[in-house]
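Please open the structure in your viewer and keep the selection tool at hand.

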Amino acid sequence: LTWTLMRPLKDAQLGAFTFFASALPHDVCGSNGLPLTPNSIKILGRFQILKTLTHPRLCQYVDISRGKHERLIVVAEHYESSLSDFQKRGITASPEKVLQMAYEVLEGLEFMNKHGMVHRALSGHNVLLDCKGNVKLAKFGLYHMTDHGADVDFPIGYPSYLAPEVIAQGSFHPSDPSRDVAPLPSGPKTDVWSLGVLLFELCAGRRLLQNIDISERLKFILTLGCMDDIVTVLAEEHGCLDTIKELPENVLELLRKCLTFLPSKRPTPTDLLRDHVFNGVSCLYTPFQKPVSLFSSSLRCAHLELPEDISELCKDDDEDYLSERAIDEVYHLWCLAGGDLEKELTNKEIIQSKPPICTLPNFVLEDGESFGQGRDRSFLLDDTTVTLSLCQLRNVREYTSLEKFPLMQSSLPQSNSSNELSATVTLPLIIRERDTEYQLIRIILFDRLLKAYPYKKNLVWKEARVDIPPLVRGLAWAALLGIEGDIQAKYESIDKDTPIPTDRQIEVDIPRCHQYDELLSSPQGHVKFRRVLKAWVVSHPDLVYWQGLDSLCAPFLYLNFNNEALAYACMSAFIPKYLYNFFLKDNSHVIQEYLTVFSQMIAFHDPELSNHLNEIGFIPDLYAIPWFLTMFTHVFPLHKIFHLWDTLLLGNSSFPFCIGVAILQQLRDRLLANGFNECILLFSDLPEIDIERCVRESINLFCWTPKSATYRQHAQPPKTAGDNGFGKTATYYSSDYQDMSKTDLSREPLALCDLKAEVSPRISAEDLIDLCELSLAGPTKRTRAGKPKIVAVDIRSAEDFSRGHISGSVNIPFGTVFSPDGELVQCPATGILQNSRGRVIVVICHAMKSAAMFAAHLVKVNFSRVCILDGGINKLKSTGLLTVPSPQI
Amino acid sequence: MKKNKGKANSTAEKEFVFEFRAGKHNCVLKVPLQFPVQENISDLHGRLMLLHKIPCYIESELKSSLLNFVEKETILDYDREAELALQRLTAGDVDVNQLTSAWSRSYVETTLEHARPEEPSWDEDFADVYHELIHSPASDTLLNLEHNYFVSISELISERDMEIKKLQERQAAEMDKVMHELGNTLSDQDVNAVAAQHFDAQQVLENKWASELKQVTGIQKQEYQEWVIKLHQDLQKSNNSSKINEEIKVQPSQLSELADSGTRIYEEQPQLEESFTIHLGAQLKTMHNLRLVRADVLDFCKHRRHGSSGAKLRRLQTALSLYSSSLCGLVLLVDNRVNSYSGIKRDFATVAKECTDFHFPCLEGQLEEVQQLVLYARAQRSSKQKDQPEIPRNGGEDKSKNVERNPSNILPGEFYISRHSNLSEVHVVFHLCVDDNVRSGNITARDPAIMGLRNILKVCCTHDITTVTVPLLLVHDMSEEMTIPWCLKRAELVFKCVKGFMMEMASWDGGISRTVQFLVPKSISEEMFYQLSNMLPQIFRVSSTLTLTSKH
């Protein structure tokens, strides 16, 4: 489910109907040797685009879900009354009403046609009426989502309403062997015929061709081709010639135009809308304006008109607030509140299933063909739409206290339930994501913040630290990644069609990328995958496609399935931030440096594990490349990636190191207990990882890591120009070390071989000053509470130490604590070291080599959080921070 | 632009022409387009702008004229295609009656609105009633009643066995006497005559008992079903449940003593059993249960003593899930004839007869139905093959010869299914046909028996059979050629194939958790069993044991 700009619910209801996709022939493989995609998944993929079709004359599609045995359930906007009410009651509609309805239906059809779709199933009960009597077309997407009926067994459309050319083209069945070429699908004009029949029924006050057998009915429609005046013939046939003759001329003309036998003579919905028969009606309607999307070059508030008195806006206190929420939001909450589609449909006896033991086949051949299984009646189509009961949702107390949400310009909502809310915040994420009330409030909050994006960018960041409601995740991530501007135009201007050499690799990778997911395994998903990946490859000529880019694309595509441009924009913003130059043609220097820093991070946080892994030779190169190259998207399923990235996107580019260490720590016991071979086996198919714990622990690790410890010379260079406009003010955690202004006290680049030689990370003098609170001037960047505890260990000789040292540092000359075989010797100095276990230990010396050696020794005896001062004591000489101990009195 | 060869009928190339002024120049853009247009027009537009370096002030004009062009031409295509179809009809290329009856058929066959009304099915009604009752307080009574019937059948059976035994003893004595006299007063012919007479006598007796059993079973089934329906009606009629409860409670007391008297049946034998929880899948993992069991295959079918621990619970469990969507299945390896005359088939039939099946036709009835279907399937296949002779089926030649020999036999890899309500832990039995090939050491993943397993798992998937028991070594009894290496090799093959099939199943049903029991014959050694149980976690990823560690 993705958050789009859907209309508010208003007086609409949510309706669900169900049908079966046709079963695949047993044991047939696709041309690529992989198993065929089930038809239900194809339909599910094609359905997605329907969610973006928002028009006042169309029932908004909300969701589709797959049930057992290829069942599909579609959720859409629904109204109880429809044109078939007229038919049932046998009353005629007034000519004006007929014209209005025709006009409204045509508006809907025109909009569909503009999006390349045809209704094909127009009938009385698919033309719904809202409480104002306006037309809403239902089931308009069935023909599209089933690939023009190819993926279902039942024919689309209703016998009496089928246009003659549709009948002539035959009832096409994919399983029918006599047909080898599928006929061209129906065009927009078939709907005009169906509309004609519908309007005729409205005028005549009776249904057409009801009491005769289907094949006779269809034959009758086909014979109309030889008639001069189809309307008169129909009227005579149904004994309502008088009623029809009395109709005003423009209505009669409309009927004649619709019921034109030859398609070439029949107008399209667009033609008809502009026809003079509607002269008196068209002025009542204003053309539909598509709302401006969040990312566009035009001004979103261009058409906003505020009332004189701004308080007018907040006056509608008595309104039903549920009806003001978007339809997809209401459905999302309905699901959270325990809504169960299958149950609703079963209760109304739309889903009737036989016990499986009664439907077993008796005999199965070696190739899987089965015999003796009677046709199960419960698989027949019953496309009745069931209204979903929202009363459970309306009971959620928060809906009535919604007025307590002030306009966004003041701070956060301060409703009296905020105490309760803050209690919910402390619950595990999984529980919060299922809490209806909590989600409602979070969705409203994010909805308002995102609508004010980028102006409210800082608040989005602030709230994202609490959590991100799954419904708005796509846009929230885009906001966190700082996407702005007319992304659609940019995406469209990229050539995604011309073949490029990478195509073959992409083609191989896509059918292997997160295919357990219905959306991503659908043919539509594959098409979108291909386009987004190609767009990225084409628009980044300096970078190349490495296997893994597909996995990286997956979460963005999943979240923005209907907005490829946004998926592309997010991916393009994500990669330079977290994977700078990872996709170079020769990326070995980047990756090698990255992995070396990662090893240092393991040693820094978990020396025991680090010692063990180094001992058995299980180095990060063997397992961590897919982790980092895909930012863990290759190893985790999507739902875990979402939770991981919710936090990842808030951190800077060194946060992934902490995630890596956190994963290792979760597998710590097994790694420690095993040798090389077992570890390789263990990681070849990574065991289940508790992702919430992983996130929690990586945040903790991150807080303990001095910023400069993860310095990489191949990281993204600092941006030259600062963020302009509404740019967020960078916080300590989210900004990169590289982004901060470089001074003499910053870290120096280090050759890879030197970096590899050191077990422990270096930190900059800057960090040391900050962590030891040595600086006299300027505010500290972090509050005291958030800082890791630190101890500076000066390993120079006592003589050097006394000539000047950092205040608060302890002097443990190199030779005093370690025996020749690397063991700690018992002395007062080791006592100090032992007491500082758990703190960040900064080793300071003249020469980096001896500092590194000392640190390595400490790691060897399992001291954690050991690091070295980059540049040694000399770096600090210029700062004037060194002190000389006053002689003891 | 790619040239699309062939299918000239449905795709056509049309040229889009666009003229514009750039400064003093008149420019003409010509683009050949394939119809129907598959690609996104916005993308096409973007590409044209890029490729031909079209000035940006033309951008929107170009887009709208491109859209109009495509729209117009597409409509023309639709019209042409539609009118062609109408013409075919008027020209008589297509038969109107055939066309409309095809339409009519597709409506009747697929939509509820037009489908023929359903004949009421007694079986399904009974299924509903039973399912409701077994999930009510009446379940205890139902089970007791079933057990009651079971006891009377087993009494009958033991009586039969006794009588047959007596007859055999008498005949043996008589035969002894005759043999004694052989050569003296009696000739070979006389002996043969006596033997034939004995055989006839046995046949008569067995037939007598068979028909009696059949009759009793029939009566029981009818009584039972009537009783169930009546109980259901009573329960529905009166909300006064106390009365019903009394009615229900009467029976257990009288049953319990009966239950005590029915103490024959089988001694419970210690099984070797080990369970594993596994994860399948690369990213999204699904959890399943595996069990390695050393037992006789019929142990899953036989009822144990009523009073013994867990036996009643197991029966209740089986009864509760009979019409549910978590069924239990068992794979039985059989030869190529659909009957129950010999070997494991005979043993199974004996077990299946020990207790009346109150829900499904008796085994013989089901097998008869299967036999008919086999003949039907063969006939259909051969007619299909005649239609499409050019498609060679892999290895089809020697197979078709086989079939020609006797079309009523089934082939290795094929299986038939029987349904039971009267077995202790199983609802569905897959009778998988295997040949002597499975005894050899070198079968591969492409062996028919393995493909049969895959199809069985597929049926499990489509029909909610969530627990299935598979003979791991693809044999029910051990023999001499089945050495330790043979066993290990076979077990590895089956483990790996089943793992592959289970991963495949996850994509069919979304990874519903299931239980697969691997069965090994009783005669393998304990040592062998543990060797196999060590092999399992190396092939499947066993989920980590939950370790509780204190937080620092």
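**First stop: the domains of chain B**

Please note at the outset that this is a predicted model. Select chain B and colour it by its domain assignment, which gives domain 1 (12-110), domain 2 (123-261) and domain 3 (272-391 + 406-542). Now keep domain 2 of chain B and domain 3 of chain B in view; their centres, taken over C-alpha atoms, are separated by 28 Å. Where these two domains touch, domain 2 of chain B contributes 21 residues and domain 3 of chain B contributes 15 residues.

Which helices of chain B each supply at least two residues of the side of domain 2 that touches domain 3? They are helix H4 (122-134), helix H5 (139-181) and helix H6 (188-237) of chain B. Of the elements on this side, H5(B) gives the most, with 9 residues. Colouring this side of domain 2 of chain B by residue class shows 11 nonpolar, 8 polar and 2 charged residues.

**Second stop: Leu143 of chain B**

Select Leu143(B), which is found in helix H5 of chain B. Leaving aside its neighbours within four places in sequence, Leu143(B) is in contact with Lys312(B), Arg315(B), Leu316(B) and Ala319(B). Why does Leu143(B) count as partly exposed? There are 19 C-beta neighbours inside 10 Å of Leu143(B), so it falls in that class, given that a buried residue needs 20 or more. Next, draw a distance from Leu143(B) to Asp234(B): the two are 91 residues apart along the chain, and 18 Å separate their C-alpha atoms.

Now display chain A, whose secondary structure comprises 40 helices and 16 strands. Chain A has 889 residues, and 45% of them are buried. Among the contacts in chain A with a separation of 6 or more, 75% are between residues 24 or more positions apart.

Select strands S2, S3, S1 and S9 of chain A. These 4 strands form an open sheet in the order S2-S3-S1-S9, with antiparallel pairing. The edges of the sheet are strand S2 (61-66) and S9 of chain A, each of which pairs on one side only.

Turn next to strand S1 (residues 13-20) of chain A. Of its 8 residues, 7 are buried, so S1(A) is largely enclosed by the rest of the structure. S1(A) pairs with strand S3 (residues 71-78) of chain A in the antiparallel sense over 8 bridges; here Phe20(A) stands opposite Arg71(A). S1(A) also pairs with strand S9 (residues 386-387) of chain A, again in the antiparallel sense, over 2 bridges. In S9(A), Thr387(A) is the bridge partner of Gly15(A), and Val386(A) is that of Ala16(A).

Helix H1 (residues 39-47) of chain A lies across S2 and S3 of chain A and runs at about 165° to S2(A). Helix H12 (residues 327-336) of chain A packs on the sheet and touches S1, S2 and S3 of chain A, its direction making about 35° with that of S2(A).

**Last stop: where the chains meet**

Show both chains: 63 residues of chain A are in contact with 74 residues of chain B. On the side of chain A that touches chain B, the elements giving two or more residues are helix H5 (164-169), helix H7 (214-223) and strand S7 (363-364) of chain A. This side of chain A has 31 nonpolar, 16 polar and 16 charged residues.

Finally, zoom in on S7(A). It is joined by 2 bridges to strand S6 (residues 415-419) of chain B, and the two strands run antiparallel. Val364(A) stands opposite Phe415(B) in S6(B).

Conventions:
Residues are numbered from 1 along each chain as its sequence is written. Chains are lettered from A and ligands numbered from 1 in the order in which they are written. This is a predicted model: local features need pLDDT of at least 70, side-chain atom pairs count only at pLDDT 80 or more; totals for chains, interfaces and linings use all residues. Domain bounds come from an automatic or database domain assignment. Two residues are in contact if their C-beta atoms, placed from the backbone, lie within 7 Å. Ala, Val, Leu, Ile, Met, Phe, Trp, Tyr, Cys and Pro count as nonpolar, Asp, Glu, Lys and Arg as charged, and the others, Gly among them, as polar. A residue is buried if 20 or more other C-beta atoms lie within 10 Å of its own, exposed if 12 or fewer, and partly exposed in between; C-beta atoms are placed from the backbone. Two strands pair if DSSP finds at least two bridges between them. Axes are lines fitted to C-alpha atoms, for helices over the stretch in contact, and angles run from 0 to 180 degrees between N-to-C directions.
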